[in-house]
Every structure is written in C-alpha cells, then in structure tokens.
Amino acid sequence: MSLAIAPSLFGKVIFLPVSGRIADLYSRKKLLLLSDLIRFCSTALIAGIAVEDYFSIVAIAAIGFVSSIGAALHASAEYSILPSLVLKDGDVSIAMQFTEFLSSIGMVIGAALAGIVISVFGVSTAFGIDAITFAIGAFATALLSTAALPQNIRRTDSIRQLLEVKPYFDGFRILVKVPVLLGVSVVSLLMNFFVAPLAVAIPLYVSQSLRGDAWELGLLNAGQGLGNGIGALITGVSIALFARHRTIILGMLLAGISLCILPLMPFLITSFLFMMMFGVASSLANVPLRAQRVVASGDEYRSRIDSAMKFLFGLAAPLGVIAAGPIIEVIGASTGTIMIGLAIMLLTPLLLVIPDYRRFYNSDTEEAQKMFRRMLHGDFSP
C-alpha cells in the first residue's frame, strides 16, 4: 500500500514549484480545467484496469504519478484563484470557509458512496464514478468567469517568462524573507511526515480492529469529511472567541487528541465520532492558515508562494507514507495511530516560537499585507 501511494505524493511535490510559476503566468481557470482532465483520464484508466481484474504496483504507481501532476496544477490554483472570484479581499476568508465546507460535503458523500459502491458493485465501478466527478468538476470550472491571465501580459511575454529559471525559486526566496511563513512551512513539514501515514494506518485499523468492510472505511472517511464541514462553518466563531492564532493551535491539539483516543475504543460509532472530531480540528487549523496567507500575499506571487509552502510541507508526506509501511507492520495500526496523535500534540507548541506568529495571524487584511511587504524589503517587485 505504501509503495502504491508514495509515487503519487512524490509527483505532486516535485511538480508544485513549476505549477506555481505557471499559475502566476497563465489563466488559473484553464489550469484547473487541465487538472480535472488529467485526473479524469488517469482515474478512468485505473477503472479500466480494475475491470480486467489486473493489479500491478508499477502500473498503479505510474498512473498515480501522472494523476499527481494534475493534482499539483490544482493545488497551485485552487486557493490563489479565490481573490479573483470575490468582490473584495475581506470576503476571501469567507470564501475559503465556504470552499472548505463544500469540499467537506463532497468528501462525506463521496466516502459514504464509495463504501457502498465497493461493497455492492466492486472497485471498478467506484473508480468509474470517481472519474465522472472530475468531468463534472471540469464542466463547473468552465462556467467560472475570471480573467484570462492573472496579470496583464502578452502571451509572447508569458512564454519568455515561463522559460526563465530564476522565478521558479521566487516562492522559496520569499519564504526566507517572510520568517512567519517559513516557520509555519517547517512545522507543517514535520506535521505532514506524521499525518501522511494515516493513509496506511486508517485502512489497516478498519481491517484489524473493526470488521474490515469497505463500507466501514467509507463511513470513517465520511466522518472526517463531515467534521471538515462543521469545522469550516465554526471557524469564524472560533476566531471571534479565541483569536486566529489560538484557533490554529486549538485545531492542531484537537487533531492530535482525537487520533490518540480513536484506537482506544475500537467500535464503529466511536471511531466515526473521533474521525469527525479529527475533521473538525483539521479545518480549524487549515482554514485560517490558508486564508491569511492568501490575503497577505500579492496576486503576482500568490501561486508561487502557495506552491512553495505546499512543496515544503508536502515533501515529508511520501517519506512518511514509505516509513509507515514497515513501522505499522511491526507495531500495528492502533499503536501507530496513537503515535501519530502524540507527535501532532508535541509539534503544536512550535508555532508559538515562530517570529511574528501571533501578530501576523491576528492582523486584519490590510495590516497583514503591510507586514508581508515590509518583510520582503521591496526585493520582489512585480
């Protein structure tokens, strides 16, 4: 399982810096369309392989790698396109919450549907339905009304800029200039190293501690999706009550606690509830982190910064997945899940030592943008 998952994670991480640069030069709408088409084709191919009842680690890994290129294109544009879809910067945070909520609803429906479809009709049908969702996503993206290019540049100029090597490293150089974003990226990298193995641990937990039915795994994934949606809805309330920087910390601590308790009560209903709690916690941490980063950075570098950060904290994910296989083989899925939860809780306090963490994440949009520009010292002009 680790060998099948890891190549797709590596592919996404490797391609992110390139896709970030592309998203700052070309239409983010078109990139999202291309992303959905790539993932439609790759998922449909897996569905065809499943129909033939053929399985090969090499084939699955290769298709997953191609699909990860589409995922990288999507990751570089999914949030950076939001400011062009709302009327003012103050609405970006609300749009982020709403986007997270809709994504969570899709995860609930998809996870529950997958469990049922796999149990009744088989894996090939589930992958076929999955492929169709990417086609629907492409159609919905085509209906969006956005500018053809993020910047007012001619196509010939954009091609010339695309061939320049130096700008591909701009996102990383900006992170070095903005310590608060670099610090969050490093903490996220460490977090992802421990969280990524859940892709292996949770299915094995269902197999070892529950009955191992596909619908049970689907139910747990649906619980996480439901939690994501609830967390997205209550993020604004939590920020009003505790401030943005405390809401992020609260989310991470709750995520760790929920994973520590999950294996201690191996019953379907309790597992569902704690996976839902993990989903709530994830949104409480991720929504304010993403929203503040998007509104603070300028549009001309937004995708590159986003991609650079995702590259850094995504770099650890495939390594964590590869390590998870043999480790969980020895200690078991339940113990592995508890260790993941403990690691998250131990890493959370590191946020408090990041320079300007409290100030940056508690600032309003205008102040956050000013802080961002001051930290850059004007070294990156449009």
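Predicted model: local features only at pLDDT ≥ 70, side-chain atom pairs only at ≥ 80, totals over all residues.
Trainee: How do I describe a pair of aromatic rings?

Mentor: You give two things for a pair of aromatic rings: the distance of the centres and the angle of the planes. In this model, the search turns up 4 aromatic pairs. Take phenylalanine 172 and phenylalanine 311: their centres are 5.4 Å apart with 80° between the planes, which is edge-to-face.

Trainee: Which helices hold phenylalanine 172 and phenylalanine 311?

Mentor: Phenylalanine 172 sits in helix H7 and phenylalanine 311 in helix H13, so the pair ties together parts 139 residues apart in sequence.

Trainee: Are phenylalanine 193 and phenylalanine 194 stacked or edge-to-face?

Mentor: Their planes stand at 90° with the centres 5.3 Å apart, so that pair is edge-to-face. There's a cluster to look at too, made of Tyr357, Phe360 and Tyr361.

Trainee: Is phenylalanine 311 buried or exposed?

Mentor: Buried means under 20% relative accessible area. Phenylalanine 311 comes in at 19%, so it counts as buried. Phenylalanine 172, at 22%, is partly exposed.

Trainee: Where do I look for helix packing, say between H9 and H13?

Mentor: Check the axes, then the residues that touch. The axes of H9 and H13 come within 8 Å and cross at roughly 35°. Val200, Ala201 and Leu204 of H9 meet Val321, Ala324 and Ile328 of H13. By class, that's 6 nonpolar residues, with no polar and no charged ones.

Technical notes. Residues numbered from 1 in each chain as written. Heavy atoms only, no water. Axes fitted to C-alpha atoms, helices over the stretch in contact; angles between N-to-C directions. Helix = DSSP H or I, 4+ residues; strand = E, 2+ residues; numbered from the N terminus. Contact = heavy atoms within 4.5 Å. Nonpolar A, V, L, I, M, F, W, Y, C, P; charged D, E, K, R; others polar. Phe/Tyr/Trp six-rings, centres within 6.5 Å; stacked < 30°, edge-to-face > 60°. Buried < 20%, exposed > 50% of the residue type's maximum accessible area, 1.4 Å probe, protein only.
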